[in-house]
Amino acid sequence: MDAIYSPDHLAHNPTEQVEFGHRWPMNECPQRAENIKAALLADQAFTMHSPIEYGLDPIVAVHDAALVRYLADAWAEYIGALATTPAPITDAVADTYRHPAMNEGMPPFREPQGAIGRLGYWCFDTTTPLMQGTYQAARSAVDVALTATDRVMDSTAMAAYGLCRPPGHHAPVAGFGGYCYFNNAAISAQHALNSGAARVTILDVDYHHGNGTQQIFWARGDVQYVSLHGDPSRAYPYFCGYEDEIGEGHGRNSNLNLTLPPRCNNDEYASRLRVGIDAIAAFAPEIVIVSLGVDTYTNDPLGDLDLSTESYRQQGLMVRELGLPTVVLQEGGYDVEAIGINVVTWLMALAGV
Ligand SMILES: [Zn+2]
């Protein structure tokens, strides 16, 4: 199987995040991708390739062009604004976020002109710092995803893997957060449609609900979104991912959220995934894009499920049974010791080797 990788992610190396009431070392760290890469290189079933550069057009086909312009300039603008602060700035994190209550019943907010305000206008959480290498890393992650997608769209292969970092599924049309800047899977889905596919499914097996992907395709009937994730009543992103969210308009019944209880085991997970697989078969897409997160693993520091490595074999096999061209894109997974074997196990089962 072709695996696409770019070293540009190494320059996105935030030092810490604020989550669960504490400052933590950054869970979304470069070692994650490097350990996956090492596991792929150790297996003869995979061939590593560099991405092709696609430019901005596929990104602005999904994201607000103003968000893209902001991310391109954000770091230089931020350090310029804080040039006189005593401590060196390594990570840009907002202090004030726009909240719907602030302008309820009023016109929409305008984008502030100052760097500090702009950060809170576009970002929605405290876990997604910007730094000097962030924009290039995010651009390359999109190129990785699109290169993998074209491997499948041009019928070169039935399956391909994009080792995306940073991940993407939390990023909506006009914002960023949840470690995500550009929505790699959504951009790939739109690219597949623009390349001739009539229907695309995004299957999201990350522990967290892909709120960005859901938002982007909420009213769209040409992209089905199927997600298995920790119930948002206890799990990030908290505000969406509930089972009664089914889409609207043309997208009604194209959005399927399957929530999981704490300590969900391999068998329970497989039975929930079966519901998702059956829905995908009924939708009959021409291509499946998998948002692959292995933060469902029993030892993951951000998840609370109880899956073993065997579950990733089961998941890959169940997707293989669909018999559809499949692009697998990396999302989460924060147990850096197990991330390589878990991803490779998933991909090997999909490939039938
Ligand atoms: Zn996740």
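Visitor: What covers the buried residues of helix 8?

Guide: The cover includes strand 6, strand 7 (223-230), strand 8 (255-260), strand 9 (287-292) and helix 9 (309-321). Helices (H or I, at least four residues) and strands (E, at least two) are DSSP runs, numbered from the N terminus. This is a predicted model, in which local features need pLDDT of at least 70 and side-chain atom pairs count only at pLDDT 80 or more, while totals for chains, interfaces and linings use all residues. Residues are numbered from 1 along each chain as its sequence is written.

Visitor: Which residues of helix 8 are buried?

Guide: They are Y269, L273, G276 and I280. A residue is called buried if 20 or more other C-beta atoms, placed from the backbone, lie within 10 Å of its own, exposed if 12 or fewer, and partly exposed in between.

Visitor: Why are the buried residues said to line one face of helix 8?

Guide: Down the axis of helix 8, the buried residues fall within an arc of 55 degrees, so they line one face. The arc is taken from the directions between the helix axis and the C-beta atoms. An α-helix has 3.6 residues a turn, so residues three or four places apart point the same way. Turned away from the buried side of helix 8 are the exposed residues D267, S271, R274, D278 and A282.

Visitor: Why is A349 called partly exposed?

Guide: A349 has 18 other C-beta atoms within 10 Å.

Visitor: What is A349 in contact with, leaving aside its neighbours within four places in sequence?

Guide: The partners are R313, G316, L317 and R320; two residues are in contact if their C-beta atoms, placed from the backbone, lie within 7 Å. A349 itself is in helix 10 (residues 339-351).

Visitor: Where in the chain is confidence lowest, and where is it highest?

Guide: The lowest mean, 82, belongs to strand 2 (residues 16-19), and the highest, 99, to strand 6 (residues 200-204). The chain averages a pLDDT of 96, pLDDT being the predictor's confidence in each residue, from 0 to 100.
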